[in-house]
Amino acid sequence: MLQVYTGTGKGKTTAALGVALRGAGYGLKTMMFSFLKDDPNYGEARAFRFLPDFELYQVGRDAFVNFHNPDPVDLKMCRDGWEKAKQAILERKADIIILDELNIVLCTKMLPLEEVIEFLKQNKSALEIITTGRGAPDELIKIADLVTDMNEVKHYFHKGIASRNGIDH
């Protein structure tokens, strides 16, 4: 099935990782493709080795992405990451495929929406596919089997508290 975690609130990637954790309890293999994230200090990048049958591919660079005028390097990395993810899905390399931050990649047109939607529509019944990120396009929500919209009610960031290691990233 296709699961989509979106919204302005915290916890979209964390929810996807929770599915991977549960899956590991049943011997399921997970592959996670992190678009727009290449920081080796993210908690998931530091911890994925401790989860059996979990592979992480950081397919973005560790730099600010200008969504209004993306650098050609960012566009190429999104395209290359998407091609790797498609191959993993087609070859059934895992039971769960997490496409972290794909929602924002789609809503900012860093990848062609129609192409991604058509591919996911054709392949979502073969394994569990999870997309995360703000701004999930309506077309993605329409084809999804589960959609969770995480809305921020209150966040300590607005009090000036910075991201905390192991909690926020």
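Modeller: Happy to. Bear in mind that this is a predicted model. Let's begin with helix 5, whose buried residues are covered by helix 3 (72-90), strand 4 (96-100), helix 4 (102-107), strand 5 (128-132) and helix 6 (138-143), among others.

Colleague: Which residues of helix 5 are buried, and what puts them on the same side?

Modeller: In helix 5 (residues 113-123), the buried ones are Leu 113, Val 116, Ile 117, Phe 119, Leu 120 and Asn 123. They span an arc of only 165° around the axis, so they share one side of helix 5. On the other side, Glu 114 and Gln 122 are exposed.

Colleague: Now helix 3. What makes Asp 80 and Lys 76 a salt bridge?

Modeller: Their closest N and O atoms are 2.7 Å apart. The cut-off is within 4 Å, so the pair counts as a salt bridge. Both residues lie in helix 3, four residues apart, about one turn of the helix. An α-helix has 3.6 residues a turn, so residues three or four places apart point the same way.

Colleague: Why is Asp 80 called partly exposed?

Modeller: Asp 80 has 33% relative accessibility. Buried means under 20% and exposed over 50%, so Asp 80 falls in between and is partly exposed.

Colleague: And how do you know that Lys 93 and Glu 91 form a salt bridge?

Modeller: The N to O distance there is 3.3 Å, and that is within 4 Å, so the pair qualifies.

Colleague: How many salt bridges are there in the structure?

Modeller: There are nine. Arg 79, Glu 83, Lys 86 and Glu 115 are linked in a network of them.

Key. Residues numbered from 1 in each chain as written. Predicted model: local features only at pLDDT ≥ 70, side-chain atom pairs only at ≥ 80, totals over all residues. Heavy atoms only, no water. Buried < 20%, exposed > 50% of the residue type's maximum accessible area, 1.4 Å probe, protein only. Helix = DSSP H or I, 4+ residues; strand = E, 2+ residues; numbered from the N terminus. Arc of directions from axis to C-beta. Contact = heavy atoms within 4.5 Å. Salt bridge = Lys/Arg side-chain N within 4 Å of Asp/Glu carboxyl O.
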